[in-house]
There are 2 protein chains.
Amino acid sequence: MRLCVLGAGAVGRAVAELAPEYDNEVTALADSSSAVVDPDGVDVEAALARKDAGEALGGASPGDALAAEYDVLVEATPTTLGDAEPGFSHVRTALERDKHVVLANKGPVAERYAEVRALEADSAGEVYFEATVGGAIPVCATVDDLGAKHVSAVRGVLNGTANFVLSRMAAEGLDYDHVLAEAQDLGVAEADPSFDVEGTDAALKCVILANVLREADCDTLDELREAAVTLADADVEGIRDIPGSALELAAEDGRTVRLVGEATRDGVSVGPRLVPENGTLSVTGTRNIVEIDHEYAGGLAISGRGAGGEETASAVLADVARLE
Amino acid sequence: MRLCVLGAGAVGRAVAELAPEYDNEVTALADSSSAVVDPDGVDVEAALARKDAGEALGGASPGDALAAEYDVLVEATPTTLGDAEPGFSHVRTALERDKHVVLANKGPVAERYAEVRALEADSAGEVYFEATVGGAIPVCATVDDLGAKHVSAVRGVLNGTANFVLSRMAAEGLDYDHVLAEAQDLGVAEADPSFDVEGTDAALKCVILANVLREADCDTLDELREAAVTLADADVEGIRDIPGSALELAAEDGRTVRLVGEATRDGVSVGPRLVPENGTLSVTGTRNIVEIDHEYAGGLAISGRGAGGEETASAVLADVARLE
């Protein structure tokens, strides 16, 4: 498949670099200000070297990339909330051209799910979004595989930054500010960590999952428009206000605290929860874990790396492979 | 899809009973001595009631079932080794009639993998076998999803009986014979438990996985014939000889013992292994867990119910859904 990769951050770069390992070719690669386009295959290494040297990816514009010859648009630009722009428009442009879309950007499927599905219905292209939930962990594919109709809930530890902070606070008895600073030094937390520590990132992932579950009960696009949820519908609490003492108290009881998100057909809630210290949800470091409750299969738990360039790219490329 | 279900044990029954929940219809159902066939849909409840009352499923023969009108053969007869008969012939008959095959019976894909793939290549039908490995846990689908080419190893605790016995020995300080008797009373171990406690069941599952991994490197059926492995190629050790004292010693070191099977491109080995007490592989009771090592996604771990009628049926029906 020929890929147009929009976004040259950690995920976009990794997708472009790993594409040949999955027998794909990159025919366009863009960041927010420039692009490189080549119907015979972009020299990804050279383009990224230019970017690393502070130059443009190439002589083309992002618009040229969107208009190029490709089979799959990989949307890996930063997640935006509300109208999910410019990501949503990228998705629309590709589908209107009958191209496939693989999202790593959560915005369009968290905030405008029914609209994305409506555009997809009118297109020869298909839309996949494994990489928007749980990094390398195949959550969406597994729910789809088991049959979303028979899945009652999906819950888990879905944000590596928040999990790292909480598991370090518990392991070392350090306070939040100290561990956050350490996480920032390690590159596990951003300079502005609010998206992660306030629970927004985990909530977006759960909103996407709730949309998948609700969609299983809808027979028409109109029903989906009614049923779809957005970030505004989620009940979200972050980890800023958890004192070190709360973790010590929990430990006395054989428990610890994790930022847990849950998606059911009723809605989404994200917040710090007491979990058994040696239980499934007390995964440590930046690892993520997802529990899926299925009517006949019972409870399944999948853990893995929730973030990272290569990890998330492997989910994007697994979606591309599904399209062939 | 119309299903012909061969086998009316725990798995076959559950597939036949749950088929309508997945929008399928059963047009033939057979056990080893009788069958019921109805192109308009078998009354599964009535047929199973007859069987429970000691009567025949119906007035037809198993051969009539194989010759009936259906889209998918569900092969859920008991796993047999060596020539994998009569299961293998059932698979061949269906594929020669251009029907799809979904296996719960491990024999054909553990012992005659290349032959099954060759028959499939000459057929309009496709072959799936999720239910042969890990019960409700989607192992094969996940390896396929991630790309078997990039998976270097799959390992795990794949036999619920052996795991139950070991985890009870560790938890209660009881010896093997005592716990095995308890497992048999609970229905967790068979009257003849050798298949489970000798590691044969776990080894068959790992052989199937090793075949999947090796197949990813083959370009032709001839290469697959060379590369495919069978139970005879596996290095297998069971749990009979583990004294209670070994578990106590392990516990002093923060470790325990589990029957772990591993499949790589190099081969298969199954045997008792020391694992960290609170680590991924120290799953308890009859639960199974599988670890998948992927080049780009990193390590993934999936745990769930490894056995059970409904659980295994959910894997069969997920495969049927894949065929649509």
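## Contacts between the chains

A polar contact is a pair of N or O atoms within 3.5 Å; within protein, one must be able to donate a hydrogen and the other to accept it, and residues adjacent in sequence count only if both atoms are side-chain atoms. In this predicted model, 12 residue pairs (both at pLDDT 80 or more) make such contacts across the interface of chain A and chain B. The interface also holds 4 salt bridges (a side-chain nitrogen of Lys or Arg within 4 Å of a carboxyl oxygen of Asp or Glu). Lys149(B) and Asp23(A) form a salt bridge through their side chains, at 3.8 Å, N to O.

## Extent of the interface

In chain A, 32 residues are in contact (heavy atoms within 4.5 Å) with 32 residues of chain B. About 2,500 Å² is buried between chain A and chain B, with 47% from carbon and sulfur atoms. Buried area is the accessible area (1.4 Å probe) that two parts lose on being put together, summed over both.

Residues are numbered from 1 along each chain as its sequence is written, and chains are lettered from A and ligands numbered from 1 in the order in which they are written. This is a predicted model: local features need pLDDT of at least 70, side-chain atom pairs count only at pLDDT 80 or more, and totals for chains, interfaces and linings use all residues; side-chain values use heavy atoms, with hydrogens and water left out.
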